[in-house]
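Please keep the sequence and the three-dimensional view at hand while reading.

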Number of protein chains: 2
Amino acid sequence: MHFRDIAQRLRLVLIMSVLALFTAQAGADNGATSFTLDNGLQVVVIPDRRAPVVTHMVWYKVGSADEEAGRSGIAHFLEHLMFKGTEKYAAGEFSAAISAIGGNENAFTSRDFTAYYQQVGTDALPEMMEFEADRMRGLVLTEDVIAPERDVVLEERRSRVENSPGSLLSEEVEATLFQNHPYRIPVIGWMHEIVELDREQALEFYDLHYAPNNAILVITGDVAPEEVKSLAEATYGRVPRGPDLPPRVRPQEPRQDTARTVSLSDPRVGVPSMQRSWVVPSYTSAEPGEAEALDLLAEILGGGVRSRLYQELVVKNGIAASAGAGYRATALDDTSFSVYAAPRGGNDLAAAEEAVEAEIARLIKEGVSDDELRRAKNRFLRGMIFARDNQTGMARIYGSLLATGLSIEDIEAWPDRVRAVTADDVRDAARRYLTTDAHVTGYLLPQEGGNQ
Amino acid sequence: MHFRDIAQRLRLVLIMSVLALFTAQAGADNGATSFTLDNGLQVVVIPDRRAPVVTHMVWYKVGSADEEAGRSGIAHFLEHLMFKGTEKYAAGEFSAAISAIGGNENAFTSRDFTAYYQQVGTDALPEMMEFEADRMRGLVLTEDVIAPERDVVLEERRSRVENSPGSLLSEEVEATLFQNHPYRIPVIGWMHEIVELDREQALEFYDLHYAPNNAILVITGDVAPEEVKSLAEATYGRVPRGPDLPPRVRPQEPRQDTARTVSLSDPRVGVPSMQRSWVVPSYTSAEPGEAEALDLLAEILGGGVRSRLYQELVVKNGIAASAGAGYRATALDDTSFSVYAAPRGGNDLAAAEEAVEAEIARLIKEGVSDDELRRAKNRFLRGMIFARDNQTGMARIYGSLLATGLSIEDIEAWPDRVRAVTADDVRDAARRYLTTDAHVTGYLLPQEGGNQ
């Protein structure tokens, strides 16, 4: 819940930077150990002995892009319902146990995965594993919890989407960018479909997707792999394997041939802004090296204050109040690469947009220098060093990448693969993907007399 | 196949006028008789004694919008495969029998239905019924016919869509207009999904949807209902009822809040053009009277040379070479209302678009006069008189409307419902649906140096 909250609230920029951080950490050589229980549960342990604390995360390889058409929001609704108790433990008992020891917990649903986690003192790990293993198959959903929790989700949607012009615009930009792939559908679900979600659908989704052989357990912190292994066998090991799941094959995008725009005018908008997105490969769907080049392209073009867009538009000519780029690198299928800008003061949006286009055109034409690339790689890889301070962040990297089809080896080879990207690779990625004739541009505009 | 050919080739304008013609004929009091066989097949007979000719059409209540996600084009591919022979008759035998007697036949797939028809001399009707009833459940698909026929469909798509900038644009306009509903997916299918269609998928689709209880037989021509009844019992009556089908519930559209554009620049485009579409109710999804008001709105705004758009933009100020409006009235779910214009000579597209917007704004502000509405109703209803000369057209009206959930009574009450529409109804429909802040505008543009 929490991750989605932030993502919804701070939108594109934060989503991008969080994802960049994830992948930035991904290659950390922290000595991850992985093993698989007899029932198919993959367990990954990343020791971090600096404090007597552990992060315990269970990842299900199912997200909103796996929902049945017309049932958008069921993955996220089920995430809420997972807190409603099991045959063994009443609703609230798990959370109360965490609070009692000063731990914290949360859960989040994304397009490709759903995860539940707790951060607690090391000695509470066995208890967390017992609780989490129990609700993997033991969830009890009574009819009386459904309507109130659905109201909670509806209110969540109202406050985060309906009340936010930027979120409304983002939803329609995604729905326009993806013409065929379910990434076009919002994770929280369309309002008119959330209203119809019910107990049977939640249980059907739970029974289909929640099982040890469709999950990954990631534990980071003050533990040894051997301890985790015996604990995991005693808890998760007792959960029966579920039926084999079919491959996660979603409808893919057709070739796109058009330049599209999506405009939202709203009296609540103060400063206008634009963002432009392209469909590009993800780490999972890309040819080797391509996603790494896109990551560095995002870094060079618009990753923070040293980037070209920020330096040119914000610092040098002062036309923009903000400008940047981002790449949703972690995804099972083809994903998006975006640039954005908001004009400063009296400058108009069209001028900011033209300046963004000019920077892209310049990069495609002139490429990047080896020195610029070297500095971008350093900035980008440095993210890892900071990330190592964050147990939960590390667990998220492993979980999200494994849940989208990468391997531990991929994650650990990642820094070297980033280092291997050449200046030509970056220019080629820009040339190939940041086309002028197939993209979607979103405009968030102050209301002007009711006409578009 | 033929209907889709025409529709693809002449595009929006013709689609609109054909559909308008359908609904225009729909209320014709031609004494349609309807009965249902024991196996669930609805039979509709519309006698037309002027010539010894009959049109024999079978409608299946399944179209591309009923396809499983990721299998776009399977409904249309199956339509092709339905000509591959049965246990009883070899491939080509049915068509040869029609040719031998100088008849003609065809088939077409749409979003909501698929139909097969023959027009032959009256005495050949029993033979047609025998053949068509036989392939309702008797289709034999061998693996060797699959790849060659898929190549035919791929070539059809290449020639009609890939080679036509207007069709490419149309596809992406639809994919943008419908964010959630399968109407966003092209009937012929996305290229990358057609390539993957196979025999098993075609048979699965056939077994699920082709059965007497999911079909409507429409016969117009030189026959009496009693004759048809005994013939139908002797042919279609022998086909076993299929399993009950679930209701045709498709994912519906969310509320739309944005103005979107879709632009295609192509060197093959000579004259630029624009079209703007809104999601509006269909005859099946509308509140009573609303679809009729939208039909008259389309007639007044842009239905032919007497319409406002044509008179103002083409005749009076000469800014446009063409301009009009259309309403895809016949659909199971919410559908689209569109306006379009192409500039004349040196005039630019923006000026033509502004003129279109000005006409819509004027209609919303000032409404329509009773006299203008009366003339529009006359023009619109007059369509029926011409339509009565066309047996196939009449069969198409009944088939398409029944296959999208209307009743014979609805069809026969339709002229009175059109007559009952008031000037306020028309203005209210425009005001409610032709909003300035939620629509999709497509631009077909000559190529200009590669930038959008």
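## The sheet of chain A

In chain A, six strands make up an open sheet of mixed pairing, and their order is E1-E2-E6-E3-E5-E4. Strand E1 (33-36) and strand E4 (104-109) of chain A are at the edges with a single partner strand each, so one side of each has no neighbour in the sheet. On average, neighbouring strands of this sheet are turned by 15° against each other, direction ignored. Helices (H or I, at least four residues) and strands (E, at least two) are DSSP runs, numbered from the N terminus. Two strands pair if DSSP finds at least two bridges between them.

Within this sheet, strand E2 (residues 42-47) and strand E6 (residues 215-221) of chain A run parallel and are joined by six bridges. A:Val44 stands opposite A:Val218 in E6(A). Helix H9 (residues 225-234) of chain A packs on the sheet and touches E1, E2 and E6 of chain A. The direction of H9 makes about 150° with that of E2(A). Such angles run from 0 to 180 degrees between N-to-C directions, and the axes are lines fitted to C-alpha atoms, for helices over the stretch in contact.

## Basis of the model

This is a predicted model, in which local features need pLDDT of at least 70 and side-chain atom pairs count only at pLDDT 80 or more, while totals for chains, interfaces and linings use all residues. Residues are numbered from 1 along each chain as its sequence is written, and chains are lettered from A and ligands numbered from 1 in the order in which they are written.

## Chain A as a whole

Chain A contains 16 helices and 11 strands. Its radius of gyration is 22 Å, close to the 22 Å that the globule rule gives for 452 residues, so chain A is as compact as a globular protein of that length. The radius is taken over C-alpha atoms, and the globule rule is 2.2 Å times the number of residues to the power 0.38. Along the principal axes, the C-alpha atoms of chain A fill a box of roughly 60 × 50 × 40 Å.

Of the 452 residues of chain A, 51% count as buried. A residue is buried if 20 or more other C-beta atoms lie within 10 Å of its own, exposed if 12 or fewer, and partly exposed in between, with C-beta atoms placed from the backbone. Among the contacts in chain A with a separation of 6 or more, 82% come from residues 24 or more positions apart. Two residues are in contact if their C-beta atoms, placed from the backbone, lie within 7 Å.

## A buried helix

Helix H10 (residues 290-302) of chain A has 13 residues and reaches 18 Å from its first C-alpha to its last, close to the 18 Å expected at 1.5 Å a residue. The expected span is 1.5 Å times one less than the number of residues. In H10(A), 13 of the 13 residues are buried, so the helix is largely enclosed by the rest of the structure. Just after H10(A), A:Gly304 takes a positive phi of about 85°.

## Where the two chains meet

In all, 33 residues of chain A are in contact with 32 residues of chain B. Helix H6 (165-177), helix H7 (191-194) and strand E7 (259-266) of chain A each supply at least two residues of the side of chain A that touches chain B. E7(A) gives the most to this side, with seven residues.

E7(A) pairs with strand E7 (residues 259-266) of chain B in the antiparallel sense, over five bridges. A:Ala259 stands opposite B:Ser263 in E7(B).

## Two residues of chain B

B:Ile74 is found in helix H2 (residues 74-81) of chain B. B:Ile74 is buried, with 26 other C-beta atoms within 10 Å. Its C-alpha atom is separated by 7.5 Å from that of B:Ile194, 120 residues apart along the chain. Not counting residues up to four places away in sequence, B:Ile74 touches several residues, including B:Leu197 and B:Phe205.

B:Glu93 is found in helix H3 (residues 93-100) of chain B. B:Glu93 counts as exposed, with 12 C-beta neighbours inside 10 Å.
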